Amino acid sequence: LLPSVALRFEPAHAGRGRGRALKRLAAAFRALPVPVIGRIQNDAFLLDLRCLEDERTFLDQLDNLKRA
């Protein structure tokens, strides 16, 4: 195991549709101009920061998520 830190995203509302919301979020990150790959685990979408190579590019493209 390698030590790391992750960003954790959880749906705002519990209950039905939670899994679909996480899958849509994961797909939106994969569809960015520079795809970002995360994982769904324990009812959350996780982005492992150990894999973040270009912080500026990552931050610059986050506005594209609003349009997804």
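Student: Which strands does helix α1 lie across?
Tutor: In this predicted model, α1, residues 18–30, lies across β1, β2 and β3.

Student: And at what angle does α1 run to β3?
Tutor: At about 30° to β3.

Student: OK, the sheet then. In what order do the strands come?
Tutor: The order is β1-β3-β2, in an open sheet of 3 strands with antiparallel pairing. The edge strands are β1 (6–9) and β2 (39–41), each of which pairs on one side only.

Student: How much are neighbouring strands turned against each other?
Tutor: On average by 35°, with direction ignored.

Student: How many bridges join β1 to β3?
Tutor: There are 4 bridges between β1 and β3 (residues 44–48), and the two strands run antiparallel. If you want a spot to look at, Phe9 has Phe45 in β3 as its bridge partner.

Student: Switching topic: which residues make up the largest nonpolar core?
Tutor: That core has 10 residues in all: Leu22, Ala26, Ala28, Phe29, Leu32, Val36, Phe45, Leu47, Phe58 and Leu65. So Phe45, the partner of Phe9 across the strands, turns up here too, and nonpolar side chains tend to be buried together in soluble globular proteins.

Student: Which element gives the most to this core?
Tutor: Helix α1 does, with 4 residues. Both α1 and β3 supply at least two residues each.

Student: What is Phe58 in contact with, leaving aside its neighbours within four places in sequence?
Tutor: Phe58 is in contact with Phe29, Val36, Leu47 and Leu52. Phe29, Val36 and Leu47 are also listed in the core, along with Phe58 itself.

Key:
Residues are numbered from 1 along each chain as its sequence is written. This is a predicted model: local features need pLDDT of at least 70, side-chain atom pairs count only at pLDDT 80 or more; totals for chains, interfaces and linings use all residues. Side-chain values use heavy atoms; hydrogens and water are left out. Two strands pair if DSSP finds at least two bridges between them. Axes are lines fitted to C-alpha atoms, for helices over the stretch in contact, and angles run from 0 to 180 degrees between N-to-C directions. Contact means heavy atoms within 4.5 Å. A nonpolar core is a set of buried Ala, Val, Leu, Ile, Met, Phe, Trp, Tyr and Cys residues joined through side-chain atoms within 4.5 Å. Buried means under 20% relative accessible area, exposed over 50%, partly exposed in between (1.4 Å probe, protein chains only).
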